[in-house]
Amino acid sequence: MTANAFFQLALYLGVLILLAMPLSRWLTRVMAGDIPRVLRPVQWLEHGLYRLAGVEPKQEQHWLAYALGLLLFNVLGFLALYALQRAQGVLPLNPEAFGAVSSDSALNTAISFVTNTNWQGYGGESTMSYLTQMLGLAVQNFVSAATGLAVAVALIRGFARKSVRTIGNFWVDLTRGTLYILLPLSLLLALALVSQGVIQNFKPYQSARLLEAQSYSQPKLDAAGQAMKDAQGHAVLESVSTQTQTLPMGPVASQEAIKLLGTNGGGFFNANSAHPYENPTPLSNFLQMLAIFLIPAALVLSFGQQVGDRRQGWTILAAMTLLFVLAYGVLVAAEQAGNPRWATLGLDQLVNLEGKEARFGIVASSLFATITTAASCGAVNAMHASFTPLGGMIPTLLMQLGEVVFGGVGAGLYGMLVFALLAVFIAGLMVGRTPEYLGKKIESFEMKMTALVILVTPLLVLLGTALAVSLASGRAGIFNPGAHGFSEVLYALSSAANNNGSAFAGLSANTPFYNFLLGAAMWLGRFAVIVPVLAMAGALAAKPRLPVNAGTLPTHGPLFVGLLVGAVLLVGLLNYIPALALGPIVEHLQLWQVAH
Amino acid sequence: MSQSQSLLDPALVKPALWAAVTKLAPQVQWRNPVMLVVYVGAWFTSALWVQACLGQGDAPAGLIAAISLWLWFTVLFANFAEALAEGRSKAQAASLRSTKKNVLARKLKTPDPDASPEITDSASLRKGDLLLILAGDVVPADGEVLVGVASVDESAITGESAPVIREAGGDFSAITGGTRVLSDWVVARVTANPGEAFLDRMIAMVEGAKRQKTPNEIALTILLVALTIVFLVVTITLLPFSQFSVAAAGSGQPVSLTVLVALLVCLIPTTIGGLLSAIGVAGMSRMLGANVIATSGRAVEAAGDVDVLLLDKTGTITLGNRQAVQFIPAAGVSEEALADAAQFASLADETPEGRSIVVLAKQRFNLRERQLEQHQVSFIPFTAQTRMSGVDVDGREIRKGAVDAIRQYVLAAGQDFPASVAKQADEVARRGATPLLVAENQRVLGVIELKDIVKGGIKERFAELRAMGIKTVMITGDNPLTAAAIAAEAGVDDFLAEATPEAKLALIRQTQAEGKLVAMTGDGTNDAPALAQADVAVAMNTGTQAAKEAGNMVDLDSNPTKLIEIVEIGKQMLMTRGALTTFSVSNDVAKYFAIIPAAFASTYPQLNALNVMGLTSPASAILSAVIFNALIIVVLIPLALRGVRYQAQSAAQLLRSNLLIYGLGGLLVPFVGIKLIDVLLTVLGLV
């Protein structure tokens, strides 16, 4: 790791922790219903919403009611978003007069934004009206993050409470998370981004005349919009020349803030955070990276506060940070080592700048890529498919670990807590006691739910990838032959099933096949995990909290950090090593074998 | 039934070998999901081998045959481990059952010992029947003594040769079938139908222990099944992945089904899956080896979780009885005079306390037992009214008794009760000892200090328990002052003084309300409610039927200190499961390094860079991994049966050392093992 790479990491982590500490206390208070004075004036809105919806905020729910409410809310959100995309042609705020989004793409996008994945099979500036972006996508950016937050808080209550049947009220958790955490933070971040040059307007797209004609080549599409291929299976390219450039406009800053804070990642534009109107300066880039980890990090510390033992929060945070630093180290080293084959072309600089924005460079692009895939954000400021094979494997692996390295808002914490239960279960046996975590005995019901959570995503990723590489309609979307093509499909499924949403590029995914396959992966990857987690929260809340003594396995301190990191890595690697071996690992070996 | 029984006793190994084969029946395999996958894999590769012999194999027939053979061995080894554990358990049960014979019974119509009994067979007895049992008879059934008192030899059950007294009423009224009446007679009412007697149920439990999974075993099985499903998907999806890669690279062959099955079996947790039930059965066996019969595996498991031990003071923490340790004379009295009077007063006192006074006087002043015939002696026995005992000899009126009793006796005679003696007595009490006063002719001579003797080594034992996170509470009928002093001396964490059965029950409930698990021992009927409430309740075999029914374990040795051993056995069982699970899962890393390059080298030769062990060929790599996977089960059978060594340490220390041994060890051992097998296969020219 170069000094620059180390410095940027240290600065990033330092500022992150400094901000996360006060925010964690804010979170703890707000989710317990103790609203800070600054926001008291907004409380009429909270109470008004409850009255409007007929919610009795003091009435707590059994986990089943909590889960049903959550599912109902998300199904309705999906339907609304689907309808809005299909109807956008006849609705206002559509200066470019975009028509209805195709049904399979609308379905995929609706699922994608409801599940906090924000996988984008479409290009924003050429598909979505301003109304769809603001009323549809941005709204889901808020409530899908608030949904994740609610689930995490419900699980925390499961640990913190003893011998009760309820885990909170979903509607209250959802409302408070949105009103008192996501909205204020988004407002602040949006203003900061505007100061850096992020645009915020409702203007129609602008046209600019270029100083000289530009010619470029692009894949030739057939009538069905599919990339045409020659006999060798390579994409057929056509050459285009132009003298004007269209500059897309829109209310970007307001959507950009929640895209990052809510670990959503769905860009206003196709180029996402690599686009100068979304992410213009190194400072805006730094703020965006901070925004991604901010709530997940604060939530982990808040977890420690809520269960009455801050060390528990710090321990989880330390495990996440360790995994994050490891991943970043490998990624940045791989990118700085670059491509050995360029030496044969006579280049003296081997560092890999392909697919990266010059204004961010290798280090900031590597850091961003690690952060966005460690958290289930999925915003990108560089093209991950253009990374070196190992550099591209790290984002893939981070997603495959289950998005527990900070992870999505709420989702990262509850995912990591499930791994903690798994680690405690096996290690707890080794100290000769029925395993317990935070004073809760881990018995067969918890193990069943843990097993479900840990099973769901690998099954989706592996079976989905197998389906895609076996069927002609799946293979049709692969641009690159060989191991890299396999990596593209594996990345797409890993991204969807783990609700990350970033794309590797190189896979033409806006086809009915991928829209349906990835849509199913996203939906199940989200809710087939949330329901067992809530069931576990209910079961834990009903248990007594056992006192800690010298015979109890300590779940704080370096030993447990090591154990947790080991559990996450072992499960992730055992699941994915064979697949990774046939993708990035063999690609890396091929690349370097030739060079030697 | 001793623990030292050799693990590989040929008498046990031979039937276990045969049982390993008979357990290949599908309905047996069905019960263990992890091994079922191996079993199906073995059948599947056998079929592939047949196909290959017909000339259509996807791999060389020799390789398929070798892999298939070792998969069958894997199943057999797991079967053998289970059969061996069951065999040991059955042998123990059989030795218990040998005490159970059909014997003659004298049945009565009324509980009248003089009525003429009807001679019948013990098998025909029913609950409620009345029995006359005479000296020399084997007790035909479990029962409760209604009339009479007899000495009974219970060595058949307890191994303890000293006879015990069984009499009507009170805590010693239970008699157990299979024991022998040595002297006198009793009339007893049968309390259990044949086949339901205490011993029958115990034997049935020991034999049936393997049939019921404990809660923790179920939870662990869920995890193992989940891992198995994951690896099933990992290997199944490798086929299309491989086909795609072959098409993309334009070289090599898709991975063969045989290799996929081999990879699957290597990855799923067969080590722990194959040994899991053996560990459970061995846990029950170890309990039995310690002469404790647990009513269920659940109880053994709970023993590992215990947070609080309630221990009766007498017999557990202190030797059975108080002993005289010191004579403290009153002012103006010589110590020898006090000792002389005390010895005289105690000559007829057959209680252990009384005898200890005689002995102490003899040791201190060489006061021999006297020739009582020379004296005019009349012994005054202890009565509830006077609360004193003593002797009238040659005009001397010697009395000993509790402080209050002597005070009243002295004051009633119009004498002074010296304040200095009262102070001395108080000091003795404060030390946790019991003061006994001696008076001669209504004059107080001084104090005898009777002390509870704390058992040797018990303090260290409690310190170990504390390190394990287990709190000890001493239960005693003594007053709080005495109790506190003994508690401090013995090093227990807490005590319950002036304990009544109600107070004991309340203490258990309160401790449980704090979320703690409580273990206790008991023998009396009045212990039964507390035993029923406790999480781990060990009844003494000498105890009443009610106590045994209420407990979930019975200690055949009736040794209250056994509780500590029971906790260790419980912990050992859980640790063994955890250790082998960790080991099993960690093993997978090395197996990947062996099999992945081997499986895909024909498509991507570059993957040979991952062949860090330098295995000879793809075939030898895969075969070595499969053989290692099978042999490791056999290697670990002794560990599964004996259990992981347990040391009294804090959880953090235990975790650190076990993670190092079984986690890191599990990571590294297979690299060495697979390499060695590969070298051996290569040297022998088998691949």
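**View 1. The seven-stranded sheet of chain B.** In this predicted model, seven strands of chain B form an open sheet with mixed pairing, in the order S8-S20-S19-S18-S9-S16-S17. Its edges are strand S8 (292-294) and strand S17 (494-496) of chain B, each of which pairs on one side only. On average, and with direction ignored, neighbouring strands of this sheet are turned by 20° against each other. Strands of a sheet pair through backbone hydrogen bonds, either parallel or antiparallel.

View 2. Strand S8(B) is joined by three bridges to strand S20 (residues 553-555) of chain B, and the two strands run antiparallel. Within this pairing, B:Met553 of S20(B) is the bridge partner of B:Ala294.

**View 3. Helix H18 of chain B across the sheet strands.** Helix H18 (residues 501-513) of chain B lies across strand S9 (308-312), strand S16 (471-475), S17 and strand S18 (518-522) of chain B, and the helix runs at about 160° to S18(B).

View 4. The secondary structure of chain B comprises 23 helices and 20 strands. Chain B has a radius of gyration of 34 Å, well over the 26 Å that the globule rule gives for 687 residues, so the chain is more spread out than a compact globule. Its C-alpha trace spans about 120 × 60 × 45 Å along the principal axes. Of the 687 residues of chain B, 55% count as buried, while carbon and sulfur atoms hold 58% of an accessible surface of about 27300 Å². Among contacts in chain B with a separation of 6 or more, 69% involve residues 24 or more positions apart.

Conventions. Residues are numbered from 1 along each chain as its sequence is written. Chains are lettered from A and ligands numbered from 1 in the order in which they are written. This is a predicted model: local features need pLDDT of at least 70, side-chain atom pairs count only at pLDDT 80 or more; totals for chains, interfaces and linings use all residues. Side-chain values use heavy atoms; hydrogens and water are left out. Two strands pair if DSSP finds at least two bridges between them. Helices (H or I, at least four residues) and strands (E, at least two) are DSSP runs, numbered from the N terminus. Axes are lines fitted to C-alpha atoms, for helices over the stretch in contact, and angles run from 0 to 180 degrees between N-to-C directions. Contact means heavy atoms within 4.5 Å. The radius of gyration is taken over C-alpha atoms; the globule rule is 2.2 Å times the number of residues to the power 0.38. Buried means under 20% relative accessible area, exposed over 50%, partly exposed in between (1.4 Å probe, protein chains only). Accessible areas come from the Shrake-Rupley method with a 1.4 Å probe; for residues, only the protein chains shown count as cover.
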